[in-house]
Amino acid sequence: VLDQASNEFHSRNGLDDEFIIFIPNISPVTAEQLAQTLIARYREFLQQFDLPISCSIGLALPNRFSHFENLYHSADKALYYAKRQGKQKFSWFQKNT
């Protein structure tokens, strides 16, 4: 799935089960499509192991004043909002998230 997104950067985040995907110049529509695809494929893969593991995604788009660290924290807040909404979901960062 990630091979379809050009110029992406992805890495594991610390020792947790979280990772980062940074894709420059992606549209909101494409970001949502990619999030939905990742969640669906992750769910399909895990079904064969019958494990209670899920995939949630936090999305954030930069503005002209964004720094990577701010963008990262925004996506992290959106991720935890998605988890609170029942997991297997994605959420966009909003200031009140």
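Trainee: Where is the place of Lys-89?

Mentor: Lys-89 sits in the loop between helix H2 (68-84) and S4; helices (H or I, at least four residues) and strands (E, at least two) are DSSP runs, numbered from the N terminus. The model is predicted: local features need pLDDT of at least 70, side-chain atom pairs count only at pLDDT 80 or more, and totals for chains, interfaces and linings use all residues. Residues are numbered from 1 along each chain as its sequence is written, and side-chain values use heavy atoms, leaving out hydrogens and water.

Trainee: Which residues does Lys-89 touch?

Mentor: Contact means heavy atoms within 4.5 Å. Not counting residues up to four places away in sequence, Lys-89 touches Ile-39, Cys-55, Ser-56, Ile-57 and Ala-82.

Trainee: Which residues of H1 are buried?

Mentor: Buried means under 20% relative accessible area, exposed over 50%, and partly exposed in between (1.4 Å probe, protein chains only). In H1 the buried residues are Ala-31, Leu-34, Ala-35, Ile-39 and Leu-46. Seen down the axis of H1, they fall within an arc of 135°, so they line one face of the helix; the arc is that of the directions from the helix axis to the C-beta atoms. An α-helix has 3.6 residues a turn, so residues three or four places apart point the same way.

Trainee: What does the face of H1 turned away from its buried side carry?

Mentor: That face carries the exposed residues Val-29, Glu-44 and Gln-47. The buried residues of H1 pack against strand S3 (57-59) and strand S4 (90-92).
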